[in-house]
Amino acid sequence: MALHKGPAKHEERTMSVNPFFGEANPVGGMTEAPPTHRLPDAPLPPSTAYQLVHDELMLDGNSRLNLATFVTTWMEPEAAVLMAECRDKNMIDKDEYPRTAELERRCVAMLADLWNAPDPSAAVGCSTTGSSEACMLAGMALKRRWATRNADRYPGARPNLVMGINVQVCWEKFCNFWEVEARQVPMEGDRYHLAPEAAAELCDENTIGVVGVLGSTFDGSYEPIAALCAALDDLQERTGLDIPVHVDGASGAMVAPFLDEDLVWDFRLPRVASINTSGHKYGLVYPGVGWALWRDREALPEELVFRVNYLGGEMPTFALNFSRPGAQVVAQYYSFLRLGRGGYRAVQQSTRNVARSLAERIEALGDFRLLTRGDELPVFALTTADDVKAFDVYDVSRRLREHGWLVPAYTFPANREDLSVLRVVCRNGFSHDLADLFIDDLSRLLPELRQQQGPLTGDRATETGFHH
């Protein structure tokens, strides 16, 4: 979560209360304007408190028009009802809420089967608050396994983790927090993610693992997990180094099993030790829930699992936090039960169809060049065509925001910092109809953008809030 500072003196102000917010007497609602940065001295009527918060939140963007986020922004009403019924259940209280715990166990079993664990009954997994926590847990397991194998050299030797420079920022956080050297494969030319051979070259006796991303957040492309494992197989044959792979499948692990069934990326590859996904992305659940699975108990060191005597029962846990609501886990089970393989396949195929169609229609406008086409993740990245000099991607992003569309513009990382792009994330709920409205708005903006003398972008760092 973001870090926040306390308000400066000039920010200490009160909220304006509409006289009609009073429950009975219009004047009563104005007796005291509550402060914004300290607790009010007295309570407010619930209707007044609700309306004040409601009115301020109206200034937020419309989540359905947010084409920057991967997070689910629409679920069926029945799922929302279930979540409301479970929001007061603490996920950690497994003795008090045994059925919620059972639904979590079933979800883990379903994912183990979906990801082709050699023995789904032997796979180990847990729910998390999202993929960031899941990645932290997977990284901890990799580091502990390495430390155990290298007890004669550690803690003197410094462990490292190999990844592409396109990884989500949570991996950089893991390396920072757990004192692991991040070795990143840079982008080169038209390759916007990890290259298997380059990753293998960065590995040595201190490498705890290699992270492969099934669906890069930069452009929606899958990293070649099978080729990565093959490169590490060759490395082991030449040097004896046995380097495990973790698949960060935050988005793709809930797309590829349904739409790309012939793609081998999961536990079918013996070198894949663990996989994570975000239930709240293409798992089709409101935030926040993630999942982390290990192929067997050997992949998750037992000493990392806490067995807590909590409220009358022994409970094995592996998590960075403790209390959290069970609502999202219940919603995940609802989605699995509701859709099944056939339903997920239909939903994800529909979303991919929208992405591919929209990408083609944008390309046909003539002002843009596609980097990806939405044929892996339902996500595509684009930049302005080489002959476009009047505007840049930041101008497009800013003008689309005027129509309610949130489309991030950002620069690629090291070795391709010259490349600035727009990225469009298509999710369930972003229909062909909404895509029509999007292309209509973009088409109306282009004549004005073409008449500019040049890009209006000032400080690129302030042009967008997108930083990952």
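I am working on a predicted model, where local features need pLDDT of at least 70, side-chain atom pairs count only at pLDDT 80 or more, and totals for chains, interfaces and linings use all residues. Residues are numbered from 1 along each chain as its sequence is written, and side-chain values use heavy atoms, with hydrogens and water left out.

I then checked aromatic pairs (Phe, Tyr and Trp rings, the six-membered one for Trp, with centres within 6.5 Å; planes under 30 degrees apart are stacked, over 60 edge-to-face, the rest tilted). I get 15 aromatic pairs. Trp-115 and Trp-265 pair edge-to-face, at 6.4 Å centre to centre and 70° between the planes. Trp-115 sits in the loop between α3 (98–114) and β1 (124–128) and Trp-265 in the loop between α8 (256–259) and β6 (272–278), so the pair ties together parts 150 residues apart in sequence. I named helices (H or I, at least four residues) and strands (E, at least two) from DSSP runs, numbered from the N terminus. Trp-115 and Trp-265 are both buried. Phe-218 and Phe-412 also form an edge-to-face pair, 5.4 Å centre to centre with 75° between the planes.

I also noted a cluster: ring pairs link Trp-171, Phe-174, Phe-177 and Trp-178.

How values were computed. Buried < 20%, exposed > 50% of the residue type's maximum accessible area, 1.4 Å probe, protein only.
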